[in-house]
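Subject: Handover of a structure, with notes

Dear colleague,

I am passing on the structure below, and my notes on it follow. Please read them with the coordinates open beside you.

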Amino acid sequence: MPIMNFESPWMGEDHRIYADSVSRFLEDNWVPRIPEFMQAGQMPRDTWNEAGAAGLLCASMPEEYGGLGGDFGHEAVVSIETARSNVSGFGGSMHSGIIAPYVLHHGTEEQRKRWLPKLTAGDLVGALAMTEPSTGSDVQAIRTHAVREGDHYRLTGSKTFITNGQNADLILVACKTDRDQGAHGVSLLAVETHGLNGFRRGRNLDKIGYKAQDTSELFFEDCLIPADNLLGGNEGQGFYQMMSELPQERLLIALHAIGAMERAIDDTIAYCKEREAFGKPIVHFQNTRFKLVECRADVLATRCLIDACIVAHLKGELGVDRAAMAKFWATDIQGKVMDECLQLFGGYGYMMEYPIAQLYADARVQRIYGGTNEIMKELASRSL
């Protein structure tokens, strides 16, 4: 039992059982392979089918579409347990917590029946292609465009920083279907990549952290996409669709921060009890104890904030402002806690063979993706 672990108010017995199952699967199957995943720069494609068979995918999707019939709390469990296990190469939150809800909430009935069962099984791997080389958080400025030609759209453009980019075979691509309408001209096209002419995966990007995560460049050169793959069936709905799903995406980022911080503190406390200096374990030094207690207080306070957001989200009451505050607060605290924990490891904390070094490196991007923390503060300030 992790030192930092405690029951959250949104967790029922089924969530606790599910958490134990997810944790056991990760520890038994993927944790021993972390060095392999990091060396390869991605997790093998068949790990997605393993995840599907183990029930790690699309836990909140309705059973009628092949899902597990759970709620967002089950997605939260996967995010936290994955972070605690330090299996940073698994893009399950993107796949299950972002792509599947897009299809469920905004897709047509035919699209839900076609894609959700395959996403749950891991037969399809999902990705969201929003960011472009020349645009960051400004979704309205995207240049990728799609022109309707009979029963197809001709899609042209490029994307970058795409999570699951090397493995993904169902990619929701934000594009302009009307370049004169600004945000109202944005649509989401579901691109099925298998055998698609004109589709090309670029580099698996070399990042500071998340070394086992396939974050990629993607290129679309006159790709013909069936018109039936327009998410929801109506043009110009993409910006609304993305904005409505972003609160959950930001909450998932905050949840990952919680799991990673709890793992870091558990590891650091254990190390401080074993590591000796001047004839005694360093946990006996007052400065060490004070730093550890400060970190635990920071994580406990953050956990309470995120728990309150999950309760609100389960009721359908989580607004854009609160989700933005949760994201920037949790990830700012994550950076602080990782730095304090690494310092207590001394020189060993700087060695990548120690999980704390990986956790430290992985934490930095949390303040960037999903909308930078500066953008989060701007969004939250609009509610003042």
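To begin with one side chain, that of Lys 159 comes to 2.8 Å from the backbone oxygen of Ala 174, which is a polar contact in the sense of a pair of N or O atoms within 3.5 Å, where, within protein, one must be able to donate a hydrogen and the other to accept it, and where residues adjacent in sequence count only if both atoms are side-chain atoms. Lys 159 belongs to strand S3, residues 152-163, and with a relative accessibility of 1% it counts as buried; here buried means under 20% relative accessible area, exposed over 50%, and partly exposed in between, with a 1.4 Å probe and protein chains only.

Before going further, please note that this is a predicted model, in which local features need pLDDT of at least 70 and side-chain atom pairs count only at pLDDT 80 or more, while totals for chains, interfaces and linings use all residues. Residues are numbered from 1 along each chain as its sequence is written, and side-chain values use heavy atoms, with hydrogens and water left out.

As for the whole protein, its secondary structure comes to eleven helices and nine strands, taken as DSSP runs (H or I, at least four residues, for helices; E, at least two, for strands) and numbered from the N terminus. Its radius of gyration is 21 Å, close to the 21 Å of the globule rule for 384 residues, so the protein is as compact as a globular protein of that length; the radius is taken over C-alpha atoms, and the rule is 2.2 Å times the number of residues to the power 0.38. The C-alpha trace spans about 80 × 45 × 40 Å along its principal axes, and 54% of the 384 residues count as buried. Of the contacts (heavy atoms within 4.5 Å) between residues at least 6 apart in sequence, 74% join residues at least 24 apart.

Two residues deserve a look for their backbone angles. Most residues other than glycine have a negative phi. Asn 164, in the loop between S3 and strand S4 (170-176), has a positive phi near 70 degrees and is buried, at 0% relative accessible area. Asp 222, which is found in strand S7 (residues 215-226), likewise has a positive phi, near 55 degrees, but with 43% relative accessibility it counts as partly exposed.

Ala 264 sits in helix H7, residues 238-274, and is buried at 0% relative accessibility; leaving out residues up to four places away in sequence, Ala 264 touches Met 338, Cys 341, Ile 356 and Leu 359. From Ala 264 to Ile 306, 42 residues apart in sequence, the C-alpha to C-alpha distance is 18 Å. Phe 328 is part of helix H9 (residues 320-344) and is buried, with a relative accessible area of 15%. Beyond its neighbours within four places in sequence, Phe 328 is in contact with Asn 373, Met 376 and Lys 377, whereas the C-alpha atoms of Phe 328 and Tyr 102, 226 residues apart along the chain, are separated by 23 Å.
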